[in-house]
Amino acid sequence: MLEVKDINVFYGAVHALHDVSLYVNDGEIVSVVGANGAGKSTLMWAIASVVPYSSGSIEFNGKPMPQRADEAVKKGLAIVPERRRLFVSLSVMENIIMGSWLRGKSEKEQINKDMEYCFSLFPILRQRLSQRAGTLSGGEQQMLAITRALMSRPKLLLLDEPSLGLAPIIVESLFAAIQRVRDSGVTILLVEQNATQALAISDRGYVMETGRVTRTGSGEELANDREIRRAYLGE
Amino acid sequence: MFLQTLVTGLSIGGIYALMAVGYSLVFSVLSFSNFAHGAVIMLGAYMGLGLAAKLNLGLGLVLSGAIAGAGVLAVLNERLAYRALRQRRAPSLYLMISAMGCAVFLENMVYATIGAKPYPFPDKITNQVLDIVRNIISFLGLAAEHSVIEIAGITLSLLDLAAFVISLLSIYALHIFIMKTRTGIAIRAGVDDLTMCSLMGVNTNRLIAVVFFLAGAFAGLAGVYLGIKYYVQPTMGSITNKAYIAAVIGGLGSLPGAFIGGLILGVLETFVSAYISSVWRDVYTFTLLIALLIWLPNGLLGHETEEKV
Ligand SMILES: Nc1ncnc2c1ncn2[C@@H]1O[C@H](COP(=O)(O)OP(=O)(O)O)[C@@H](O)[C@H]1O
Ligand SMILES: [Mg+2]
């Protein structure tokens, strides 16, 4: 589904990604874990064609990823970025409308079904439809950000630190929802600092340190790795 | 005297509001002050004048032509002078400087090709406007003289009345467009976060073109009004300095703010002229602006401005 090969990203003089490679197969949950500043978000923005990379390649379904974000989205990519980046002055419903921007009028019925599906994941949103997105609680905002992304019916969903700043109980239900989304056929690339929980639901994982991929393996392997536990799981 | 001054002030303010909307629209999405807006107003007036005087068209076509023409001009302005800067993520200061360059360029193009001579709009067009206003007034059961109406001791120019009503209605229509339509929702989404807007699949270049077209259309409307009321000449865009102030008073980027800011400025100015002195008008106005910005740095209805990614 996704193949990132040896990409390098610079912010001016800052070399944020060094020859980063990873792949995601259809139907997988793959997580990228690593400390703050490791380059995880940069990787996500590069995949989404928002941040340009200077060398290397990104292929999506066997074809080069389009250079422009709106074109990449048309190919079936959606992102829930770090800190959610909702349209805060828009209502919850308007955020959902923006999420389904690319889908024509003929799909109206299917759009309603998808919305119902999202409400089944996050029932609270149904009661918030006319509320401004910026006034939602942190957990609700994250639910809306995921809903907004799902409304485009993506094949690949990029999730950047969905658990950031949320209470543990909310994180738990969020991760359960993420698994349900994968089970419905959406492939997921998940970035987390919260490595334990991320690796627990992942088929495979990558570890990033200062702009490089330093380890890879199955979710289980990485979660049980002594070094990783010491570095990222606070043991 | 008081009521008369208030009403005159409101009618002037309506025009400021019409022009301020263009600044606010562009600022809301791209966070820069598009100082080429005044030149687009000026060229809108010339387009209207050309259609009226050279092609001898009626008011309806003159207005539609100037609105569409100025809209297209604003889109071209963005395409040629701003887009490359935007795509290189240039700081908004550079966009503003580019806009100032465009204003100087366009003004001097007109000097060089058409000349500095002021032209009035043909009487035919002015009379058409007055006829329409008089018809509406008599339909409402009131009586109007040739070009003024008197209600309860207040004299009001029909031209000003028309301008006030048109700016009120057109700004309201724009507001509805932005609040209710799909494109309007996308524009507001772009105001919040342009990058995320493109990650919804919105072609943001096209979205920005729509925003510039709307700003240009309002410029065309304002240009024709100014041309009818005064003259069409290369320097007429300078009145937009006031409109810009109106937009800042209301809170740059806010449409209701542009409207309220325009009215406040118009009324204030007229009161200073009437009760203090017309020589001091702009001194007082600018003092007020500075005082207001110190007190409310984001204007009356503006949001906290923060750098957008
Ligand atoms: N817009 C930017 N401009 C300059 N440097 C940046 C920018 N965004 C991120 N960086 C730098 O790139 C590196 C990687 O950041 P990021 O991708 O956000 O890491 P992570 O998501 O793993 O915390 C950091 O050193 C950060 O300071
Ligand atoms: Mg990050």
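Predicted model: local features only at pLDDT ≥ 70, side-chain atom pairs only at ≥ 80, totals over all residues.
1. Contact, as used in this note, means heavy atoms within 4.5 Å.

2. Overall make-up of chain A. Its secondary structure comes to 9 helices and 10 strands. The radius of gyration of chain A is 17 Å, close to the 18 Å from the globule rule for 235 residues, so chain A is as compact as a globular protein of that length. Along the principal axes, the C-alpha atoms of chain A fill a box of roughly 45 × 40 × 30 Å.

3. Packing and surface of chain A. Of its 235 residues, 54% count as buried. When contacts in chain A between residues at least 6 apart in sequence are taken, 66% of them join residues at least 24 apart. Chain A exposes about 10,300 Å², and carbon and sulfur atoms supply 49% of that area.

4. Charge in chain A. There are 27 positive and 27 negative side chains in chain A. The centres of these two sets lie 6 Å apart.

5. The contact between the chains. Chain A gives 23 residues to the contact and chain B gives 19 residues. About 2,000 Å² is buried between chain A and chain B, with 63% of this area coming from carbon and sulfur atoms. A:Arg85, A:Phe87 and A:Trp101 supply 33% of the area that chain A buries against chain B, which is more than any other three residues supply.

6. Helix H3 of chain A. The buried residues are A:Val92, A:Glu94, A:Asn95, A:Ile96, A:Met98 and A:Gly99. Their cover draws on both chains: it includes helix H4 (108-121) and helix H5 (138-150) of chain A, together with helix H6 (158-180), helix H7 (182-192) and helix H8 (194-198) of chain B.

7. Helix H10 of chain B. H10(B) spans residues 240-250 and is mostly covered, with 10 of its 11 residues buried. Among the buried residues are B:Lys242, B:Tyr244, B:Ile245, B:Val248 and B:Ile249. The cover over the buried residues of H10(B) includes helix H1 (2-30), helix H2 (37-54), helix H11 (255-276) and helix H12 (281-295) of chain B. B:Gly251 follows H10(B), and its phi is positive, near 110°.

8. B:His37. This residue is found in helix H2 of chain B. With a relative accessible area of 3%, B:His37 falls under the 20% limit and therefore counts as buried. Neighbours within four places in sequence aside, B:His37 is in contact with B:Met19, B:Gly22, B:Tyr23, B:Ala215 and B:Ala219. B:Arg281 stands 244 residues from B:His37 along the chain, and 24 Å separates their C-alpha atoms.

9. A:Glu28. The loop between strand S2 (14-24) and strand S3 (29-34) of chain A holds A:Glu28. Its relative accessible area is 10%, under the 20% limit, so A:Glu28 is buried. Not counting residues up to four places away in sequence, A:Glu28 touches A:Arg182, A:Thr187, A:Ile188, A:Asp203 and A:Arg204.

Terms used:
Residues numbered from 1 in each chain as written. Chains lettered and ligands numbered in written order. Heavy atoms only, no water. Helix = DSSP H or I, 4+ residues; strand = E, 2+ residues; numbered from the N terminus. Rg over C-alpha atoms; globule rule 2.2 N^0.38 Å. Buried < 20%, exposed > 50% of the residue type's maximum accessible area, 1.4 Å probe, protein only. Areas by Shrake-Rupley, 256 points an atom, 1.4 Å probe, with all protein chains shown as cover. Lys, Arg positive; Asp, Glu negative; His and termini not counted. Charge placed at Lys NZ, Arg CZ, Asp CG, Glu CD. Buried area = accessible area lost by both parts, 1.4 Å probe.
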